Amino acid sequence: MAERGQAGAVVDPIAGSPVYPVGSRVNERGHLEIGGCDVVDLAAEFGTPAYVYAEDDMRERARSYRGAFERGGMEFEVLFASKSFPCTAAYRLFAEEDLSVDVASGGELHMALRAGFEPGRIHMHGNNKTDEEILFAARSGVGHLILDSFDEIERCERLLEEPQDVLIRVTPGIKPSTHDYIQTGQLDSKFGFGIEDGLAARAIERVLGSDVLRLTGLHAHIGSQIFELEPYTLAIRAIGELAGEWCKVVNVGGGLGIAYAAEDEPPAIDAYVDVKVRGVAEVFGEGVRILVEPGRSLVGNAGVTAYRVGTVKEIPGIRTYVAVDGGMSDNMRPMLYGSRYEALIADRAAAVPGSLATVAGMHCESGDVLVRDAMLAEPAVGDVLVTPATGAYGHAMASNYNGVTRPPVVFCRDGDARLVVRRETYEDLTARDV
Ligand SMILES: Cc1ncc(COP(=O)(O)O)c(C=O)c1O
């Protein structure tokens, strides 16, 4: 049961938290509820670990993006950056919400097509697309290939049979404050063409002279998990220097940050869209079509991961390790970026979290730690432990390290839970052997 606050009101620590999916709460049994489903029951039904998503959360955020652009008054396309959650059901959901999609490999393109995206609404990235991927994309009829290098320009000219709309990816030389590994807009980057070194201008000239490549505009993505808005304005101004009559499409990337902890305060989708629309209108005029590519801000807070606690090890005077049945194989981000997460015992979701513990994974690495300092409500073996805000780049980066089978994906809505990706089996682990 939810705790009573000082004035006797029921305190629900989940309902007001920006970290959990929209509509989450503590239910009458004192359990965490996502999309109307009791997470303790979900863990029993689908097993653990499991990725649990609230469908309404993703739909609401997609509608916020579209709504903000509709108010902005310019022609637009919102592309789901599918690297954040490459799952057919998610592609399908965002297609239903009238979004477009960005894919960064042949595999993501395959999933987008399989989910029913109209090919013209698929835009293809990649800093080293193979011949096969270029042909697959072009023959499928993708909206744009986003060109990343001179080698790729040559490869496309050699391979393409029909004219293809393309954008040129520019690194505008802007460095937002985020982790080094997820900054992409600085000059020293493996992505795109720099402005300062003159390569972007040369690439534009080169593609404008092409018979088969039709240059319609520019692309810039400055990084991910960004809380400031000014770098976007600066990036738009920087790429604006390259624009000419030919520039009808401006893709300003993704990058909007999300709350991983209750105290995180990312900008609202409205404010983020407003800055991008105003920036593009000011620099390129209102006649261009503006594209954005949000990933994390569409799916990150929509999903949580549910684990089962297997051991609680107290090292007197040092720390308590709470080990769960997943870890770096289902969430690489803590090891990759040192990312911080919250954790919650779903069975006692409203209890005061009085125990400081380290939530460790089950892999053979000392660094396999999901949450270094978590405040938990008396964790015990058998509890369901949840880490929120794992909807982006969790499933996407999952691996089979230690022969672990990858978790299922469960979509919840109005109290109904549907399995959209089943758990891998041991047989799956040997299915590719020859
Ligand atoms: C080109 C491009 N667009 C969009 C995104 C999505 O970024 P985010 O998930 O931060 O919105 C990325 C992420 O790395 C990217 O590389």
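This report describes the domains, helix packing, ligand shell and backbone features of a predicted model.

## Domain organisation

The chain is assigned two domains: domain 1 covers 3-55 + 300-430, and domain 2 covers 56-297. Their C-alpha centres are separated by 32 Å. Domain 1 contributes 30 residues to the contact between them, and domain 2 contributes 23 residues.

On the side of domain 1 that touches domain 2, the elements giving two or more residues are strand S6 (50-54), helix H11 (333-337), strand S22 (409-413) and strand S23 (416-421). S22 supplies the largest share of this side, with three residues. The composition by class of the side of domain 1 that touches domain 2 is 18 nonpolar, eight polar and four charged residues.

Helix H4 (residues 106-114) packs against H5 at an angle of about 25°, and the two axes are 10 Å apart. The angle is under 35 degrees, and H4 and H5 are therefore roughly parallel to each other. The crossing in which H4 passes H5 is left-handed. From H4, Gly106, Leu109 and Leu113 take part, and they meet Glu132, Glu133, Phe136, Ala137 and Ser140 of H5. Four nonpolar, two polar and two charged residues make up the contact of H4 with H5.

Helix H5 (residues 131-140) also packs with helix H6 (residues 150-159): their axes come within 10 Å and cross at roughly 60°. That angle makes H5 oblique to H6. Here H5 passes H6 in a right-handed crossing. Asp131, Ile134 and Leu135 form the H5 side of the contact, while Arg155, Cys156 and Leu159 form the H6 side. The residues of the contact of H5 with H6 comprise four nonpolar, no polar and two charged.

## Packing of H8 and H9

Helix H8 (residues 230-240) and helix H9 (residues 269-284) have axes 9 Å apart and pack at an angle of about 25°. This makes H8 roughly parallel to H9. The crossing of H8 past H9 is right-handed.

The H8 residues Tyr232, Thr233, Ile236, Arg237 and Gly240 meet Val275, Lys276, Gly279, Val280, Val283 and Phe284 in H9. In terms of residue class, the contact of H8 with H9 holds six nonpolar, three polar and two charged residues.

## Ligand shell

There are 17 residues around the ligand, of which Ala81, Ser224, Gly254, Gly295 and Arg296 come nearest. By class, the shell around the ligand divides into three nonpolar, ten polar and four charged residues. The domain assignment places 56-297 in domain 2.

## Backbone features

Most residues other than glycine have a negative phi, and most peptide bonds are trans. Two local features of the backbone are described against that background.

The peptide bond running from Thr48 to Pro49 is cis, and its omega is near -10°. Pro49 is located in the loop between helix H1 (39-46) and S6. S6 is also one of the elements that give two or more residues to the side of domain 1 that touches domain 2.

Glu378 has a positive phi of about 40°, although this residue is not a glycine. The loop that holds Glu378 lies between strand S20 (369-376) and strand S21 (384-388).

Methods: Residues are numbered from 1 along each chain as its sequence is written. This is a predicted model: local features need pLDDT of at least 70, side-chain atom pairs count only at pLDDT 80 or more; totals for chains, interfaces and linings use all residues. Axes are lines fitted to C-alpha atoms, for helices over the stretch in contact, and angles run from 0 to 180 degrees between N-to-C directions. Helices (H or I, at least four residues) and strands (E, at least two) are DSSP runs, numbered from the N terminus. Angles under 35 degrees count as roughly parallel, over 145 as roughly antiparallel, 65 to 115 as roughly perpendicular and the rest as oblique. A crossing is left-handed if the near helix is turned anticlockwise from the far one by less than a right angle, and right-handed if clockwise. Two residues are in contact if their C-beta atoms, placed from the backbone, lie within 7 Å. Ala, Val, Leu, Ile, Met, Phe, Trp, Tyr, Cys and Pro count as nonpolar, Asp, Glu, Lys and Arg as charged, and the others, Gly among them, as polar. A residue is near a molecule or strand if its C-beta atom, placed from the backbone, lies within 6 Å of it. Domain bounds come from an automatic or database domain assignment.
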